Amino acid sequence: MKLFKTLVSTAVLIGFSAGATLAANIFVVGGKPDDPFWSIVKRGAEDAGKVVEAQGGKVTWLGPQNYDNLGVDAAELIRQAIDQKADAIVGPDWVPEAMDPAFKAVKDAGIPLIIYNAGGLKAADRLGAMNYVGSDDYKGGVAAGEYLTKAGNKKGVCINTLPGAANIEAFCGGFKEGMKNGGGEADVLPLPATSFGSATAVAQAVKAYLLQHQDVNAVFTIGNVDANSAMNGLTQAGKVGKVQLCGMNFDETILNNIKDGKQACAIDQQGYLQGYLAVAILNGHVNYGLAVPTREILTGPGIIDKTNVDATIAGVKAGTR
């Protein structure tokens, strides 16, 4: 925390000593603020926003009320940012078919854009964005599949609670590839989008699937909420210790499950850095014309397991992991 305060203070002093008079109005489109993963991304954006605010600017977070109509709703938020005279916009390219026209409108309006969290460098190139900041979604799934097969689990399933979202499809596609690389195989269990975040729906679906597919010994989830729900499903099916669980993202419950040996691993994409770096880069660009030449700025994937779970728990307590 002392280091962060020092960095903020230094950045503010540099900005003022340079005689900066511009003020960046930066809009960040992300997930629901009460979503455990997206609350960390939001925290990163807000921490970077302290420098923005000290220079007279503002960071505004825009998130959907739910994920039932994700692409269309997110596209509308992007257009809201344009209408509210954004100086710069950050956004994930979750559903390209629905969101790309809105992102192209950002570019047409001459507003600097960073794609983060979902879409990768391909989306940044296609949409004319300055940078992509985030994890490689496909590689995240691959890492999980390879980790689980290395531990001896040869039959897996990816629980997809947001079918059609490009980053989620990439998670599951990568997981299948990772299982294949390790000599195993995996299927995908698609569930209605309304099941995302529904502990009961996911737990029941996982329980039913495992009881119907007795050869499955590896489960991969696309978010930490789903991982906790899947753990409930494993418990109800009597499969804890027999079926290994890994998932994207994590929270304190997941980390404790990893520490206790109930969950094998979690794939870390460092959401805090996604929000922080995207806002910081755009603020520097709007005020000083700064640019980062490395257009793909990867924050993951990383693997959290028993070997590094204690250090990660410390980060969670600080609100940055």
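How many disulfides does a search of the whole structure find? The search finds two disulfides, and the views below show a predicted model.

**View 1. The disulfides along the chain.** A disulfide is a covalent bond between the sulfur atoms of two cysteines. When bonded cysteines are counted along the chain, the disulfides follow the pattern 1-2, 3-4. One of the two disulfides joins C158 to C172; another is formed by C246 and C265.

**View 2. The disulfide of C158 and C172.** The S to S distance in this link is 2.0 Å. Distant parts of the chain are linked by the pair, with C158 in strand β6 (residues 155-160) and C172 in helix α7 (residues 166-181), 14 residues apart. The angle about the S-S bond is -60 degrees, and the link of C158 and C172 is left-handed. C158 has a relative accessibility of 0% and therefore counts as buried. C172 has a relative accessible area of 1%, so C172 is buried.

**View 3. The disulfide of C246 and C265.** The sulfur atoms of C246 and C265 lie 2.2 Å apart. This pair links distant parts of the chain: C246 belongs to strand β9 (residues 244-248) and C265 to strand β10 (residues 265-268), 19 residues apart. The link of C246 and C265 is left-handed, with -115 degrees about the S-S bond. C246 counts as buried because its relative accessibility is 0%. C265 is likewise buried, its relative accessible area being 0%.

**View 4. The packing of helices α10 and α12.** Two packed helices are described by the angle between their axes and the distance between the axes. Helix α10 (residues 252-259) packs with helix α12 (residues 309-317) at an angle of about 165 degrees, and their axes are 10 Å apart. Angles over 145 degrees count as roughly antiparallel, and α10 and α12 are therefore roughly antiparallel to each other. The crossing in which α10 passes α12 is left-handed.

**View 5. Residues in the contact of α10 with α12.** On the α10 side, the contact is made by E252, L255, N256, I258 and K259. On the α12 side, V309, D310, T312, I313, V316 and K317 take part. Sorted by class, the contact of α10 with α12 has five nonpolar, two polar and four charged residues.

Conventions. Residues are numbered from 1 along each chain as its sequence is written. This is a predicted model: local features need pLDDT of at least 70, side-chain atom pairs count only at pLDDT 80 or more; totals for chains, interfaces and linings use all residues. Side-chain values use heavy atoms; hydrogens and water are left out. Axes are lines fitted to C-alpha atoms, for helices over the stretch in contact, and angles run from 0 to 180 degrees between N-to-C directions. Helices (H or I, at least four residues) and strands (E, at least two) are DSSP runs, numbered from the N terminus. Angles under 35 degrees count as roughly parallel, over 145 as roughly antiparallel, 65 to 115 as roughly perpendicular and the rest as oblique. A crossing is left-handed if the near helix is turned anticlockwise from the far one by less than a right angle, and right-handed if clockwise. Contact means heavy atoms within 4.5 Å. Ala, Val, Leu, Ile, Met, Phe, Trp, Tyr, Cys and Pro count as nonpolar, Asp, Glu, Lys and Arg as charged, and the others, Gly among them, as polar. A disulfide is a pair of cysteine sulfur atoms within 2.5 Å. Buried means under 20% relative accessible area, exposed over 50%, partly exposed in between (1.4 Å probe, protein chains only).
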